[in-house]
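Here is a short report on one chain. It runs from the whole fold down to single residues.

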Amino acid sequence: MIAPLLRLCTTLLAAVMLAGGAKATPQQQYRAELDSLTRELRKAPDADRQKLMSDIFLLQYAVGEIDSCMATLDRLILLQADNDEEQAKLRWNKIAILNNSARNEQLCREADVQREWFGRHALWDRYYQVWHRKVSALRGMKKQHTAMREAEAMLDDAKSRDNTVGRAMALKTIATSYSDIHQYDQAKEALSKAIELLRSIDERMGMQSGLYDQYCQVLGQRAEYAEELKVSDEWLRHLYLLSQQKEVGSVSALYSSAHLARAQALSGLGRYDEAEQAIDRSEEYNQQNPTLLARYYCLMQRAALAMTRGNYKQALLYTDTIMGLSVADTMQCGLQRANVLMQVGRTREAAEIYRTMYVQKDTTFTHEMRAQLDEMNTLYHLDELEMKASLDRSRAWVAIVSLVAVAMLLFGFFRWRSVHQLRQKNEELRVANAKAEESSQMKTQFIHNISHEIRTPLNILSGFAQVIASPDMQLSADDLTAIRNDIVKNTDRITSLVNKMLELADVSSHTVIECEDSTSALDIATSAIDASHIRLAEHVEFVQNTEGADVQLTTNRVLAARALTLLLDNAKKFLNDGQGRVTLTVDRADGMVLFVVEDNGKGVPANEAERIFEEFVQLDDYYDGTGIGLTVARSLARRMGGNIVLDTSYTDGARFVMSLPERVAEK
């Protein structure tokens with residue numbers, strides 16, 4: 001809908017500027033037309049005001065006056081109070097503009113308002129599109145867990161209404177979450193299903209185009225450039241068919257994105273000239289409906305292509321332009337700029353950029369930044385040595401010959417050392433990235449487990465509350481007793497989970513636990529047995545071997561019993577088929593009291609003996625739990641001067657040994 005107006009503006013203003021001998025930029029043309037229409041609006045009759053305001057909001061968007069644009073749309077919505085069809089278009093324009101302008105917080109608030117309106121008018125396709133935009137905004141605000149929860153709610157809601165668009169949009173969001181943790185196979189599968197869903201209906205709102213866009217991004221991440229080229233061509237054919245439908249507005253922005261995806265694929269395949277032409281086509285379409293965001297992506301693609309072709313100075317010029325855009329992603333652009341500066345020898349500037357990024361970046365990736373900073377400092381040190389050698393060679397002819405030889409030897413040595421260190425840093429960086437990805441996946445699984453662990457007892461409590469509160473419900477004394485027992489059981493389950501979370505927050509602490517309780521090993525063992533309820537477990541044959549438990553020790557009785565309770569809980573949970581034997585033995589050796597917990601369950605592979613003590617680690621996803629019990633237990637033992645280890649020589653299941661000193665060392 002913006003294309004005819006902008007073409008008219010461009011034609012009129014270009015003629016005026018050419019007549020004066022000057023060349024106007026598109027932004028200058030839009031600004032001039034906006035000022036003219038604003039003056040005309042002040043004196044326009046009521047019959048013409050609506051048309052003028054429609055033109056004004058498009059121009060306000062084109063020049064980046066987003067707040068004014070939103071205010072104009074609100075006035076137009078009031079004028080169209082009796083026209084639901086026009087109101088729907090205007091309300092969707094508000095969402096689209098906020099999305100394109102990356103105003104995530106404002107978009108979340110606006111999405112709730114407009115989603116309620118679209119739902120009230122049974123416009124379900126737009127309803128789910130607005131919901132999808134909100135989820136995307138939440139991800140942009142780094143609220144990943146909230147975004148996933150909204151996506152799951154959207155999918156459930158769409159299934160309940162049997163709405164194809166809603167299911168497709170929810171799958172798209174879920175695919176994005178998979179991409180965030182680098183699970184690209186699952187992302188591809190979700191996107192493929194979403195595209196097939198939209199192919200089955202007469203979709204005229206450009207949603208399928210968004211799926212193609214994301215699909216190309218996933219393929220680009222996997223370096224599957226041949227398939228990305230195929231998908232981008234399919235995307236362009238889809239846009240052509242979409243543009244032939246009269247009720248569909250301008251698709252120039254979508255064409256711009258599709259040609260950028262095609263450029264990335266061609267560049268990856270080494271077809272650089274064709275990639276350059278694809279970027280040119282993208283910029284041509286962006287000129288029809290210009291946005292700073294599209295301009296940013298075009299420049300980023302040009303900079304990447306220039307880097308690939310070895311044209312580093314041109315790439316640097318592109319990054320200069322990008323950094324001047326208000327929508328620039330400073331992290332992504334800064335990294336690209338630093339890489340270019342490295343190639344042109346401006347190592348000091350590159351080091352400063354990496355240092356700034358190191359401060360800003362999340363702790364998960366600090367190892368990567370540190371490695372790059374170390375590399376920059378090494379190269380800068382070499383530059384200083386070469387400058388000193390150059391000055392020394394200019395002193396005398398005889399000295400020149402000697403210094404040249406020495407300088408060459410030094411250069412060769414430091415060059416070799418630099419390459420060696422660079423290889424080391426790259427290997428460290430690879431390992432750090434692998435650990436970061438593994439940590440991200442474990443945290444995602446942990447959040448899923450926590451949600452499940454909390455949701456299950458809460459649902460039970462909610463159900464019993466509804467039963468008890470129902471005035472028509474007649475309950476016997478036995479029923480009430482059973483309900484009360486279940487309520488207590490599930491309340492205890494939630495309380496236990498919260499306590500574990502509080503304990504987890506203290507795991508990384510290096511504070512030594514006060515150990516001033518004089519107690520016996522038997523007392524600690526008895527407290528742990530009672531707290532774990534292991535004697536009451538019908539599926540467990542519990543054996544207690546505490547002949548050596550009469551030994552006295554000075555420790556923290558409550559926390560020592562807590563650590564042992566966690567070991568008993570772990571043994572009880574991982575028995576084969578839920579049946580088996582658990583044995584607790586108390587012994588002493590070398591001034592340490594040993595609490596040995598054995599089970600005849602599935603056991604732990606020797607190569608996982610240390611990993612199971614890391615946060616959130618579960619070797620088998622089919623078991624309930626959070627993966628923090630062993631982490632907390634070992635932390636408590638170590639902070640009391642002891643330790644917990646897995647005895648890998650035991651092959652009939654798992655054997656954990658908790659050691660505590662008989663007496664606290666003198667301070």
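## Contacts and overall make-up

Residues 24 or more positions apart account for 62% of the chain's contacts with a separation of 6 or more. Contact means heavy atoms within 4.5 Å. This is a predicted model: local features need pLDDT of at least 70, side-chain atom pairs count only at pLDDT 80 or more, and totals for chains, interfaces and linings use all residues. Residues are numbered from 1 along each chain as its sequence is written, and side-chain values use heavy atoms, with hydrogens and water left out.

The chain has 24 helices and seven strands. Helices (H or I, at least four residues) and strands (E, at least two) are DSSP runs, numbered from the N terminus.

## Burial and surface

Of the chain's 667 residues, 43% count as buried, meaning under 20% relative accessible area with a 1.4 Å probe, protein chains only. The accessible surface is about 35900 Å², by the Shrake-Rupley method with a 1.4 Å probe. Carbon and sulfur atoms hold 52% of that surface.

## Nonpolar cores

A nonpolar core is a set of buried Ala, Val, Leu, Ile, Met, Phe, Trp, Tyr and Cys residues joined through side-chain atoms within 4.5 Å. The largest has 75 residues. Phe57, Phe118 and Trp235 are among those with the most contacts inside it. Trp235 touches residues including Tyr212, Cys216, Leu254 and Ala261, not counting residues up to four places away in sequence.

## Strands β6 and β7

Strand β6 spans residues 643–646. Ile644 and Leu646 form its covered face, Asn643 and Val645 the uncovered one. β6 pairs antiparallel with β7 (residues 654–661) over four bridges; pairing takes at least two DSSP bridges. Leu646 stands opposite Phe656 in β7.

Terms used: Buried means under 20% relative accessible area, exposed over 50%, partly exposed in between (1.4 Å probe, protein chains only).
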